[in-house]
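Here are my notes on the model, point by point. Please read them with the structure open.

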Amino acid sequence: MKTRHFLLALLASATLLATGQAAAQQQRPIRLVVPYAAGGPIDVTARMLAERVKDSLGTVIIDNKPGAGGNIGADIVAKAAPDGLTIGIAATATHAVNPWLYSKIPFNAATDFAPITQMVRVPNVLVMNAETAQRLKINTVADLIRYAKANPAKLNYGSGGNGSAGHLAGELFKKQAGIFALHIPYNGGNPAQLALLSGQVDFNFDNLATAAPNIRSGKLKAIAVTTLQHSSAMPELPPVADTLKGFSIDTWWGLVAPAGTPHDVVVKLNQAFVAALNAPETKTRFATLLAEPVANSPEQFGAFMKSELSKYEAVVKATGARVD
């Protein structure tokens, strides 16, 4: 009888210990690695969602790890323990462009991550200097293509640098439209926009949030957005895809965990963040950044990232752009 009581007491102690460990595990905060500096759109949206999932997931701490075009932060997530306590941001650069832009990269974008959900889509926009557009009588994508073909080698476009989103969008546009325009790389998006405003370049592919103030002031003429469909941020603008079928090169980011994270953990994270993304308050706050929330399943986000990785392989190789 004493032996039986001892075994029961031992079992009860083990159960309490396991329960206590599980509770402690749940109480540990989740670390959300943002591979870019604080204050940018990716960081801001991550902090918005971290606040909204507190009730379902507990505390989520934002850990900014910028550097190497986002590769440093992405690598931290790839090599973290797959326990659901470290997750991170996957973005166009880190998971679609950088694998082809860098000769060496410390992680495998296709296999080292477990998708959770996409978060955001931010349209890019084809813009021209307003005076240039008026002088050349360019109001549409078709007008721009027509002018470029009738005046070979007369147009140029600017970007934030070789391999930047604006550069890749410009090269994809040239390829699909069958035109030539000289690429002029600048040291960042702001100098590229200043060059467009001053008339040093003819057109740019810029982030809609960045270009919007100058579009609204009339200094820049918006020709089209680069998403497949109309953007809710500027619904009056047609997509480039209306003229060049399938053209799509917008900016996106989402949430991933390290590969090997248990399926039930990924599902729990997905449910919490999807609910946060679908909240009316989130949509309102994202709209101030001209960002569109995108909530989907891990399978859908995984398939999307795979298709983006494949798409940018061809685009980056066509430009010949390299970072190292």
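1. Which residues of H11 are buried? They are Val266, Leu269, Asn270, Ala272, Phe273, Val274, Ala276 and Leu277. Buried means under 20% relative accessible area, exposed over 50%, and partly exposed in between (1.4 Å probe, protein chains only). Helix H11 covers residues 263–278, 16 residues in all. From first C-alpha to last it reaches 22 Å, close to the 22 Å expected at 1.5 Å a residue. That expected span is 1.5 Å times one less than the number of residues. An α-helix has 3.6 residues a turn, so residues three or four places apart point the same way.

2. A word on the basis. This is a predicted model: local features need pLDDT of at least 70, side-chain atom pairs count only at pLDDT 80 or more, and totals for chains, interfaces and linings use all residues. Residues are numbered from 1 along each chain as its sequence is written, and side-chain values use heavy atoms, with hydrogens and water left out. Helices (H or I, at least four residues) and strands (E, at least two) are DSSP runs, numbered from the N terminus.

3. Now the sheet. Six strands form an open sheet with mixed pairing, in the order S2-S1-S3-S10-S4-S11. S2 and S11 stand at the edges with a single partner strand each, so one side of each has no neighbour in the sheet. Two strands pair if DSSP finds at least two bridges between them. Strand S1 (residues 30–34) and S2 are parallel, over five bridges. Val34 stands opposite Asn64 in S2.

4. Next, the aromatic rings. Rings of Phe, Tyr and Trp (its six-membered ring) pair if their centres lie within 6.5 Å; planes under 30 degrees apart count as stacked, over 60 as edge-to-face and the rest as tilted. The count comes to nine aromatic pairs. Tyr157 and Phe203 have ring centres 5.5 Å apart and planes at 15 degrees, so they are stacked. Tyr157 lies in strand S6 and Phe203 in strand S8, so the pair ties together parts 46 residues apart in sequence. Tyr157 is buried, at 0% relative accessible area. Phe203 is also buried, at 0%.

5. Trp252 and Phe301 have ring centres 6.1 Å apart and planes at 90 degrees, so this pair is edge-to-face. The pair links distant parts of the chain, 49 residues apart: Trp252 is in strand S10, Phe301 in helix H13 (residues 298–319). Both residues are buried. Elsewhere, ring pairs link Tyr157, Phe173, Phe203, Phe205 and Phe247 into a cluster.

6. Then the largest pocket. Its volume is about 1,200 Å³. A pocket is an open set of points on a 1 Å grid over the protein atoms alone where a 1.4 Å probe fits, with protein on both sides within 12 Å along at least five of seven lines; lining residues have an atom within 4 Å of a point. The volume is the space filled by probe spheres set on the points. Of the 43 lining residues, Ala93, Ser164, Ala165, Asn207 and Thr251 are closest to the centre. H5 gives the largest share of the lining, five residues.

7. Two backbone points to check. Ala68 has a positive phi, near 55 degrees. Ala68 lies in the loop between strand S2 (60–64) and helix H4 (71–78), and is partly exposed at 40% relative accessible area. Leu290 also has phi near 55 degrees. Leu290 sits in the loop between helix H12 (280–287) and strand S11 (292–293), and is buried at 10%.
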